[in-house]
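Dear colleague,

I am handing over the structure we spoke about, and I would be glad if you could look through it alongside the notes below.

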Amino acid sequence: MLMLPLPALAALGGDVASVHEDQAQMKGSLKTTEGATFTLHEIKGAAGTVVREYVSPEGAVFGVAWQGPAIPNLQQILGSYFDTFSEAAQAQRAAHRGRGALYIQQPGLVVESTGHAHTFSGRAFDPGKLPQGVTANDIR
Amino acid sequence: MRAFSAVLLVAGLVFLVACGGGGTPAGIQITISLSAGATSLNPGQSTTVTAVVANDSSNKGVSWAISSGGGTLSNQTSTSVTYTAPASVPTATSATITATSVASPSVMASIQIALQTSSITIALSPVAPQTINQGATVPVTAKLTNDTSNKGVTWSISPQVGSLSSPTSTSVTYDAPSSVTSNTLVILTATSVASTATTATLEITVFPSGAAPNVAAVTVDAGPAATTNASANTPYISVTICVPGTQTCQTVDHIEVDTGSSGLRILQSVIPGLSLPSLTDSSNGDTVFNCVQFLDTSYLWGPVQQADIRIGGEVAGSTYIQTISSSNTGIPAACTNGGTINENTPELLEANGIIGVGLEPTDCYAQGLINLCDGSVQTQGLLPAYFECPSSGCASTDVQIPIDALHQVTNPVALIGADGNGVIIQLPVVTSADATVSGSLIFGINTAAGNNGLGSATAFPLSGDSFATNFSNQALTDSFIDSGSNGLFFPSTITVCPPPNSSFYCPAGLTAESASNVGAGGSPTSIVTFNVDNADTLFNSNPGDAAFGTLAGPQGTANTCTAQGTGSCSFDWGLPFFYGRSVFTAIDGASVTNVGTGPFWAY
């Protein structure tokens with residue numbers, strides 16, 4: 001039996017190669033913009049949602065943001081942070097009774113997911129791993 | 001559970017013998033023993049009867065007949081037969097099935113199968129929930145089937161609000177009290193005299209005044225009985241769901257009213273006895289499924305089915321709905337989207353269903369009647385909303401399919417005729433916390449119904465199903481009103497609660513705020529003042545309460561909204577905004593007398 005290699009963990013916390021994993025998974029087009037403190041990769045997925053991945057000069061993805069008519073696959077773009085996210089989301093859900101925006105703020109992970117109808121946006125980052133000269137508000 | 005009343009005979013009791021049957025050597029007798037898969041059947045049920053024939057050297061087996069009791073035989077072989085009980089069994093009895101040896105016709109055996117009587121059922125007319133004015137009356141009749149003793153029903157109401165007059169064994173009149181102070185739900189119950197476990201109920205909501213067929217009672221309460229945690233700020237109505245074109249219906253309580261989505265979604269587990277027709281692809285027989293994804297990666301999955309939807313006196317006929325599947329398997333990854341919570345129980349959904357009465361006629365439209373699921377938008381792919389699966393279930397790798405608007409999950413409001421241009425939600429003021437509150441969902445805006453005029457409300461034109469909210473020096477250009485959000489959610493520097501309530505704000509004390517809503521194009525403008533309380537304190541000080549007027553939480557991060565619309569650009573006016581207001585939601589493309597064409601919000 002032929003074993004296929006598992007794809008590398010993608011996106012947040014991954015390296016610049018994971019951007020291309022995401023692009024492949026989303027069947028998207030990629031636009032790259034080089035800045036002074038980070039490189040921004042914009043992937044427009046098949047359903048029209050744009051995912052922006054922020055890559056440090058060292059090649060690490062330190063933030064992701066999204067905007068569009070569908071929610072992106074958070075397991076894909078949160079990578080190794082997904083389990084932490086999922087646990088926090090379920091705990092919040094069990095406690096908060098009812099439906100609203102999602103806001104997770106932990107020392108090692110911030111996830112914001114908002115939207116309505118066919119307009120969704122959000123972002124995720126690890127506040128401890130922002131490169132020098134970058135603030136959380138750059139990720140949007 | 002009814003007791004057995006019929007003769008019960010165990011299988012294989014009767015052995016008959018004969019000599020000299022053809023093909024069987026003299027002296028060795030053929031014997032037949034019979035057994036049945038079930039020895040007691042309800043009307044219309046089937047079982048297999050099996051014969052074991054000994055010494056049948058020619059292996060000719062048996063032939064089958066019904067000696068008494070009626071019913072039918074099918075799938076006959078030399079050693080088995082399927083017996084189907086009669087569809088109607090007026091009194092308990094039994095059927096006798098006889099097997100005769102083919103080789104030796106004088107050898108026979110028989111088995112008796114008990115036939116249960118048809119259970120008593122009660123159908124009330126009217127069947128849909130009734131909404132009446134104080135002082136009004138509702139005549140109700142009961143039609144019983146299989147009530148062989150003709151004993152009929154007895155009638156009762158709970159709570160004891162109003163009275164019953166002229167009761168007979170099949171009819172009664174409910175008389176509402178001359179005055180009620182708030183919307184009051186009364187359950188009228190008919191109980192079979194012959195079988196007291198058999199009941200039927202009718203929900204009657206008595207309004208203080210102004211009730212009409214286009215009004216349904218809304219309750220904000222702790223949620224469906226199966227839910228252990230009380231829901232917060234979730235408005236519910238009862239909806240009657242019927243097999244299209246029939247009186248085969250079920251009334252389901254605790255359907256969440258959501259102005260932020262379009263279409264009815266109901267848990268399959270709460271309508272197990274209702275056989276709704278599924279939408280299928282005629283080219284391959286596959287069933288069409290619908291998928292909904294939520295912000296926290298939870299999702300809904302289930303077949304698209306057709307139902308007549310009755311709410312108050314309104315009917316949306318042959319409406320496509322999503323029946324939320326009880327199964328957790330056979331769901332494409334494009335639907336689960338990495339999520340782990342399949343909200344397919346009342347506990348997880350915090351409701352028995354969701355009725356989307358929002359701005360769009362189906363779940364796929366965006367403002368301007370742009371359809372995101374039918375393939376008409378060339379610049380992007382389809383929303384992951386529709387899939388098709390064979391009866392074995394979908395494959396994980398299946399991708400979404402295009403589906404035309406006429407077959408999409410449809411906003412029932414758009415199908416109710418004269419009052420189909422939108423809805424109004426009216427709820428009383430909730431200053432801090434209340435156990436429950438009652439209000440109204442009114443169909444139609446400025447229609448001939450006469451009870452749904454705009455009054456002093458202001459209408460806000462929209463762009464992209466949004467308007468702008470100016471709050472704390474932020475122009476939040478993608479803001480919206482949504483009864484399906486349980487708080488006011490907006491980007492602010494107010495302190496967020498510690499986990500697990502970090503989706504809410506926890507200021508030190510009650511905090512007064514104000515914002516202004518601005519219609520698309522820059523007008524009109526209206527200032528809204530509101531209070532934000534500490535959510536932990538609200539929840540801890542009011543255990544079990546369901547209505548919270550000052551519940552609010554973060555929507556992203558303050559001061560990140562850019563002119564390009566990236567960052568946190570939304571103010572979500574959730575249910576606390578509805579308390580103490582009449583909030584109008586007009587459907588995209590629908591015309592509203594003296595106002596214009598939807599979509600718009602008004603309040």
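This is a predicted model: local features need pLDDT of at least 70, side-chain atom pairs count only at pLDDT 80 or more; totals for chains, interfaces and linings use all residues.

Chain B has an average pLDDT of 89, and 94% of its residues score at least 70.

The largest nonpolar core comprises 163 residues, and the residues with the most contacts inside it are A:V64, A:L78, A:F85, B:V218, B:I237 and B:I425. Strand 22 of chain B (residues 299-311) contributes the most to this core, namely 7 residues. Because domain 2 (121-415) and domain 3 (417-602) of chain B both supply residues to this core, it lies between them. Apart from this core there is another, of 24 residues, which includes B:L41, B:W64, B:A109 and B:I111. As for A:L78, once its neighbours within four places in sequence are set aside, it is in contact with A:A11, A:L12, A:F85 and A:A124.

In strand 28 of chain B (residues 422-426), 4 of the 5 residues are buried, so this strand is largely enclosed by the rest of the structure. Strand 28 of chain B pairs in the antiparallel sense with strand 40 of chain B (residues 582-586) over 5 bridges, and with strand 30 of chain B (residues 437-443), again antiparallel, over 4 bridges. B:I424 stands opposite B:F584 in strand 40 of chain B, while its bridge partner in strand 30 of chain B is B:I442.

With best regards

Key
Residues are numbered from 1 along each chain as its sequence is written. Chains are lettered from A and ligands numbered from 1 in the order in which they are written. A nonpolar core is a set of buried Ala, Val, Leu, Ile, Met, Phe, Trp, Tyr and Cys residues joined through C-beta atoms within 7 Å. A residue is buried if 20 or more other C-beta atoms lie within 10 Å of its own, exposed if 12 or fewer, and partly exposed in between; C-beta atoms are placed from the backbone. Helices (H or I, at least four residues) and strands (E, at least two) are DSSP runs, numbered from the N terminus. Domain bounds come from an automatic or database domain assignment. Two residues are in contact if their C-beta atoms, placed from the backbone, lie within 7 Å. pLDDT is the predictor's confidence in each residue, from 0 to 100. Two strands pair if DSSP finds at least two bridges between them.
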